[in-house]
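Morning, everyone. Let's get the structure up on the screen and walk through it.

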Amino acid sequence: MFSATTITIFGFLPITLAYLLCTLFFHKKEKTINNKKPPGPPTLPIIGNLHKLGNLPHRSLQLLSKKYGPIMSLQFGQIPFIVISSSKAAELFLKTHDIYFASRPKSQGSEIMSYGSKGMAISEYGPYWRSVRKLCTLNLLSALKVEMFGPIRKEELGVLVKSLEKASLVGEVVNVSEAVENLIEDIMYKMILGRSKYEQFDLKGLIQEAMVLFGSFNVADYVPWLSAFDIQGLTRACKKMSKSLDEVLEVIITEHEESTNVEKTRHEDFIDILLSIMHHNIDKENEQSHAIDRTNIKAILLDVILGAIDTSANVIGWTFSELLRHPKVMKNLQNEIEKEVGNKRMVEEKDLKKFKYLDMVIDESLRLYPVGPLLLPRECRESVTIDGYFIKEKTRLIVNAWAIGRDPNVWSENAEEFYPERFVDKTMNYQGQDFECIPFGSGRRRCPGIHLGLVTVRFVIAQLVHCFNWELPSNITPSNLNMEEKFGLSIPRAQHLHAIPSYRLACDVNHE
Ligand code: HEM
Ligand SMILES: *[C@@H]1O[C@H](CO)[C@@H](O)[C@H](O)[C@H]1NC(C)=O
């Protein structure tokens, strides 16, 4: 019996030879046509520049860009990439020429998990993606809808404050990472699915596993002839995961269908909204418009779950860590909130618009810790020449948002420092106008959940800081708190955050 690995090794030799011949041939050809490619490091056969990525690709790519410039060529496996590392270049690719890069590449895992690109996040550019995107921005993520779901955020955050008040009575060290993760999961699951706990299955665990699978590196996506062998077992794992998720979503959707006529006591959630527009034409002005069916609904739900939870939780984790490292900033923030709210009640969402310093703190945190450091990959839809460089159809685009936010040419010498005051005279616009810092991406593919994400993050931070004073555990000082990150679909802190709350309001939320 041949194992997959043996076949791979026997397959390697002739293919390597063929590959080398091809590279030689094409190199010659490229020189004669004067197709200038952006500069980049030399490539190895088969793997290209994959060996340069390391464990924290955003950092490795930033280093490379210092040598090769803000627009570089790299090759991962067989696939050519352009990597963007400055705000000027980002504007060129995501605004001026955005239409060429408004598509996403297909990958094996995401094809399987999204029911064959039936969702939004990884679908290729075209009428289907446009319809689904419009449907979601209008019906699920508009400012009006975000406000409509406000009571869920208030209630869940209230529950957390109560349990933290209890912890503060006994001076307990709180696992902040865990508390925030649970809070965001409860908020988002209630908004999307109607509830966050099920007896029959472990929804949270399943989605966390799916996130890991989704974010894992699949060699077959870069060396396509390997895909038939599934040497990492990822295709099998994705199929299994997709089946489990489908079973769970079926149960949840059926539960909604059966309850619509009977009891209307619970909040309306994303599933109710999607079911109410199922089979309707999404875009009335557009003849080609698609109607969504049950499969589309499941794919959209998965996208929204995967897009909303880890991102929001990680932004809160990073912001909270920086506040603990900068007690003065924490104090300023508490003062700003107390001036408006007093010390006898909790923060309400409608207070948020008065907190200028809070916005500065969150902007500064998003600048240093864009939780999607390389955004989501784009794919060039047709060959184009930009800034004198020829970029071939199907080339992939990586935008290093992490490097852009830390560019000393834009953010001055203290770019690596957490310093919210730099935003005193600058209000960030994440809807596509500013390119100095792009934590939500930009252009047609920018994050459609910006408003929901920002409201959630601001509200949680404001409440936690207003209701409690926070201290680090005795063995950690503000200057030695570990700030290392772990790479994934959304980057979290490498180490979990722990802190000790002490309740600071003059009212007892546990006896209200
Ligand atoms: C603070 C939290 C968030 C951050 C930092 C964030 C960041 C991002 C980034 C960097 C992208 C890729 C943009 C690009 O390629 O240019 C993205 C796309 C996306 N995000 Fe978010 N996001 C956040 C919250 C949310 C929320 C709350 C939702 C949904 C409910 C969401 C849903 C999506 C979806 C569906 C896409 C894919 C859009 C498309 O391809 O058309 N995100 N997000
Ligand atoms: C803190 O919470 C995380 C989950 O967010 C968990 O993995 C970790 O083990 C917890 N740490 C401790 C010391 O309980």
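A word on elements to begin: helices (H or I, at least four residues) and strands (E, at least two) are DSSP runs, numbered from the N terminus. Residues count from 1 along each chain as its sequence is written, and chains are lettered from A and ligands numbered from 1 in the order in which they are written. This is a predicted model, so local features need pLDDT of at least 70 and side-chain atom pairs pLDDT 80 or more, while totals for chains, interfaces and linings use all residues.

Start with Arg367. It sits in helix α14, residues 356-368. Buried means 20 or more other C-beta atoms within 10 Å of a residue's own; exposed means 12 or fewer; partly exposed is in between; C-beta atoms are placed from the backbone. Arg367 has 26, so it is buried. Contact means C-beta atoms, placed from the backbone, within 7 Å. Beyond four places in sequence, Arg367 touches Gly405 and Cys437. Ile404 is 37 residues away in sequence, yet 8.5 Å away in space, C-alpha to C-alpha.

Next, Cys447. UniProt, in an unreviewed entry, puts a "binding site" feature there. Such positions use the numbering here, feature names are shortened, and annotations may be inferred rather than shown by experiment. Cys447 lies in the loop between α16 (408-411) and α17 (450-467). Is Cys447 buried or exposed? Buried, because it has 23 C-beta neighbours inside 10 Å. Outside four places in sequence, Cys447 contacts Phe440 and Gly441.

Now the core. A nonpolar core is a set of buried Ala, Val, Leu, Ile, Met, Phe, Trp, Tyr and Cys residues joined through C-beta atoms within 7 Å. The largest one has 125 residues, and Leu301, Ile305 and Ile461 have the most contacts inside it. Helix α12 (residues 294-325) gives the most, 17 residues. As for Ile461, its contacts beyond four places in sequence are Ile316, Thr319, Phe320, Leu358 and Ile362.

On to the sheet. Strands pair if DSSP finds at least two bridges between them. Four strands form an open, mixed sheet, in the order β1-β2-β7-β4. β1 (71-76) and β4 (378-379) are at the edges with a single partner strand each, so one side of each has no neighbour in the sheet. β4 pairs with β7 (residues 396-399) in the antiparallel sense, over 2 bridges. Arg378 stands opposite Leu397 in β7.

Last, ligand 2. Which residues are around ligand 2? Asn175, Ser177, Glu178, Glu181 and His496, taking a C-beta atom, placed from the backbone, within 6 Å as the cut-off. Helix α8 (residues 176-193) supplies the largest share of that shell, 3 residues.

Definitions and conventions:
Contact = placed C-beta atoms within 7 Å.
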